[in-house]
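Hi there,

Here is the structure I promised to pass on. Have a look at it first, and my notes follow below.

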Amino acid sequence: MNIIEKVKDIVQSFPKIAELCGEVHVDFADPDRTSYGLSSMGDTRIREDVTGRLMRQHSFVLYATYSAASDYERITNSGILLELAIWLEEQAGCEIEQEVLGKTYTGEIEEITTANGSLYAIQQENLADEVQYQLQIVVNYTLEEE
């Protein structure tokens, strides 16, 4: 399971997402209420140690579509994203496996950080319709060739 699949799996396992929707999509969120989309923003090599172990960083944006017609709904939406952000930061230590050009690399998620859980877009420019929030996620992980 590569880093994108692993982070999607981790986000999908957050209990409140499981209550609200059936699946976290990749790269987009449906315009329907309670839809989530995890978009990969890129992967960067941070460093390599003397044993050949790579430290990498992958950035994501999680888009969440909610109803936001009232203050109560908007506070609830922000609260769910806050809980998700805190919960994600506790998920370090997960193992990953990535195949690159026929070589298999294994590693571990070292750290997950989050930022900017905020309103991103008002669809149809009307709060009575669904709105999208975003949460930025950065994952630091290691890889080494088997």
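How many aromatic pairs does the structure hold? The structure holds two aromatic pairs, where rings of Phe, Tyr and Trp (its six-membered ring) pair if their centres lie within 6.5 Å, with planes under 30 degrees apart called stacked, over 60 edge-to-face and the rest tilted.

Before the details: this is a predicted model, in which local features need pLDDT of at least 70 and side-chain atom pairs count only at pLDDT 80 or more, while totals for chains, interfaces and linings use all residues. Residues are numbered from 1 along each chain as its sequence is written, and side-chain values use heavy atoms, leaving out hydrogens and water.

Phe14 and Trp87 make a tilted pair, because their planes are at 55° with the ring centres 5.3 Å apart. Both Phe14 and Trp87 are buried (under 20% relative accessible area; exposed is over 50%, partly exposed in between, with a 1.4 Å probe and protein chains only).

Tyr63 and Tyr120 are also tilted, at 5.2 Å centre to centre and 55° between the planes. Tyr63 lies in strand β3 and Tyr120 in strand β5, so this pair ties together parts 57 residues apart in sequence. Tyr63 is buried at 15% relative accessible area, whereas Tyr120 is partly exposed at 46%.

Strand β5 (residues 103-122) also pairs in the antiparallel sense with β6 (residues 130-145) over 14 bridges; strands are DSSP runs (E, at least two residues), numbered from the N terminus, and two of them pair if DSSP finds at least two bridges between them. Ser118 stands opposite Gln134 in β6.

Best wishes

Definitions and conventions. Helix = DSSP H or I, 4+ residues; strand = E, 2+ residues; numbered from the N terminus.
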